[in-house]
Amino acid sequence: MVEVSSSGARSQLHRLWVVSSHNALLISLWIVGLVSVFLWQRRSPEGFGFFRWTASPTVVEWAEVDLREFGAVGDGVTVNTVAFENAVMEIARKGGGKLTVPRGKWLTGPFNLTSNMIFFLDEGAEILAIEDETHWPLMPPLPSYGYGREHRGPRYGSLIHGQNLKNVIITGNNGTINGQGKSWWARYRQKLLNYTRGPLVQLLWSRDIIISNITLRDSPFWTLHPYDCKNVTISNMTILAPVLGAPNTDGIDPDSCEDMVIENCFICVGDDGIAIKSGWDQYGIAYGRPSTNIVIRNVTLRSVVSAGVSIGSEMSGGVSNVTLENLHVWDSRRAVRIKTAPGRGGYVRDISCHNMSLTRVRIGIVIKTDYNEHADTAFDPKAFPVIENVSFIGVYGEDVRVPVRLHGSDKIPVKGISFRDMSVGVTRKRQHTFQCSFVEGRVIGPISPPPCENLDIYDEQERLVKRSISQNSTDIDYDL
């Protein structure tokens, strides 16, 4: 309450003091609250930071359970599916908690996770997927794919599965989840499977997820598949599969996901290291869920048969706002690849790559617009995707056969691509190691090898030096 005084100056001073005191009280309460949150996060079991963009799951009630409490035996022979199921059910019954998988080899069939859960693999813990396919349940096709992916009809579920979840942490002291995929790969090559193989870990329609500090290896199919998820952080992961003879063992496949960070990972697999997707042809167009706001940083990748990072080819829901930072791709067929085709629809736009190093890579940067693998014959051949606003800044390498191959077409031109600060040593001094077709964009400052004639040339101050008159020219040479 402000006292009324005959002195205007005194009244004004008193009002200022009241306002200042009120502001000071609010600031004090804000500081106390912030410190309390910071201390609470420091005391949290996993110690995730407050001042960075990551998922921040909050466990409702800490029910700490050990897998052995439910009769599990870690001898690599006993099947522990029921023990995993019962442990997760106990956490769900209590509203949340932490399940610890201790040291040992824990053979199991597929099982589900629940919300408000920490799934913790201790040092020396290894979950082994049962190889008998009769233990793997069949699930409906994903709506943006129309059918399983390799076969019509249903698909096998994942070893570790979850859908419609919130606040889930999968972490540990570098424990391992082993898909034992060798028998699956053999049956796939021999055409003995009637359904699409299942991923190792798959989370559907979920949010506020952290996956960190574990090893995933030898998945039957894609390794880690977040589908239509939001607010996901994947960090400090090791993902492994044989580089040859392990078909479709992608490392991480963000699929119609929003707000995701993938960081500080080592990925060496039998297909794409990271493959960003958003549905397949008319099914993906109808589902209409893009992959957007994705950051991939500080990642080392190897893919002998495919690419370190791919966008597509299933990108019919759209892919946008993707940032790649500090990538190292080694002993690989390709480093970064965008792949699509007529019939996909959708778009790939606003993609930026900063600081990428290449070592012994066949093709560095690839855009391919005729990747004609379709879900079925019902796709619209006139559904042309859009590719625009793709930038590369700081690309360095050695022992690279073709640094850049940009294969646009008259129906799917590549627009708004740019290169800056690029120096890649090629294995052979030949012409056309920077190849283009139906490409519009620019080069800023000197780059090596010399760019294709499709691109505008700018100096280091971004002043136009030479305008291209040959955007539609083609010098793609697949013999290289």
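Ala-125, Ile-127 and Ala-129 point one way from strand β7, Glu-126 and Leu-128 point the other way, and all are buried, where buried means under 20% relative accessible area, exposed over 50% and partly exposed in between (1.4 Å probe, protein chains only). This is a predicted model, in which local features need pLDDT of at least 70 and side-chain atom pairs count only at pLDDT 80 or more, while totals for chains, interfaces and linings use all residues. Residues are numbered from 1 along each chain as its sequence is written, and side-chain values use heavy atoms, with hydrogens and water left out.

- Strand β7 covers residues 125–129, and five of its five residues are buried; strands (E, at least two residues) and helices (H or I, at least four) are DSSP runs numbered from the N terminus.
- In a regular strand the side chains alternate between the two faces of the sheet.
- Strand β4 (residues 104–108) pairs with β7 in the parallel sense over five bridges, pairing being defined as at least two bridges found by DSSP between two strands.
- Within this pairing, Thr-108 stands opposite Ala-129.
- Strand β12 (residues 176–178) also runs parallel to β7, joined to it by three bridges, and Ile-177 in β12 is the bridge partner of Ile-127.

**Nonpolar cores**

- The largest nonpolar core contains 100 residues; such a core is a set of buried Ala, Val, Leu, Ile, Met, Phe, Trp, Tyr and Cys residues joined through side-chain atoms within 4.5 Å.
- The residues with the most contacts inside this core are Phe-119, Ile-177, Ile-234, Ile-417 and Phe-419.
- A second, separate core of 10 residues includes Trp-222, Tyr-227, Tyr-287 and Ala-375.
- Beyond its neighbours within four places in sequence, Ile-417 is in contact (heavy atoms within 4.5 Å) with residues including Ile-367, Val-390, Phe-392 and Leu-406.

**Cysteines**

- A search of the whole structure finds one disulfide, a disulfide being a pair of cysteine sulfur atoms within 2.5 Å.
- Cys-436 and Cys-452 form this disulfide, with their sulfur atoms 1.9 Å apart.
- The pair links distant parts of the chain, 16 residues apart: Cys-436 lies in strand β27 (residues 434–437), and Cys-452 lies in the loop between β28 (439–448) and β29 (456–458).
- The torsion about the S-S bond of Cys-436 and Cys-452 is about -70 degrees, so the disulfide is left-handed.
- Both Cys-436 and Cys-452 are buried.
- The sulfur of Cys-257 has its closest cysteine sulfur in Cys-229, at 4.9 Å, which is too far for a bond.
- Cys-257 is buried, with a relative accessible area of 0%, and Cys-353 is buried at 2%.

**Gly-318**

- Gly-318 is found in the loop between β22 (307–311) and β23 (319–339).
- Because its relative accessibility is 0%, Gly-318 counts as buried.
- The C-alpha atoms of Gly-318 and Gly-346 are separated by 4.5 Å, although the two residues are 28 residues apart along the chain.
- Leaving aside neighbours within four places in sequence, Gly-318 is in contact with Ser-278, Pro-290, Ser-291, Gly-346 and Tyr-347.

**Cavities**

- On a 1 Å grid over the protein atoms alone, a cavity is a set of points where a 1.4 Å probe fits but cannot get out, and lining residues have an atom within 4 Å of a point.
- Grid points are joined across faces, edges and corners, and a volume is the space filled by probe spheres set on the points.
- The count comes to two cavities of 30 Å³ or more, and about 110 Å³ of space lies in the largest cavity.
- The largest cavity is lined by 15 residues, of which Leu-142, Gly-148, Arg-155, Phe-221 and Trp-222 lie nearest its centre.

Terms used: On a 1 Å grid over the protein atoms alone, a cavity is a set of points where a 1.4 Å probe fits but cannot get out, and a pocket is an open set with protein on both sides within 12 Å along at least five of seven lines; lining residues have an atom within 4 Å of a point.
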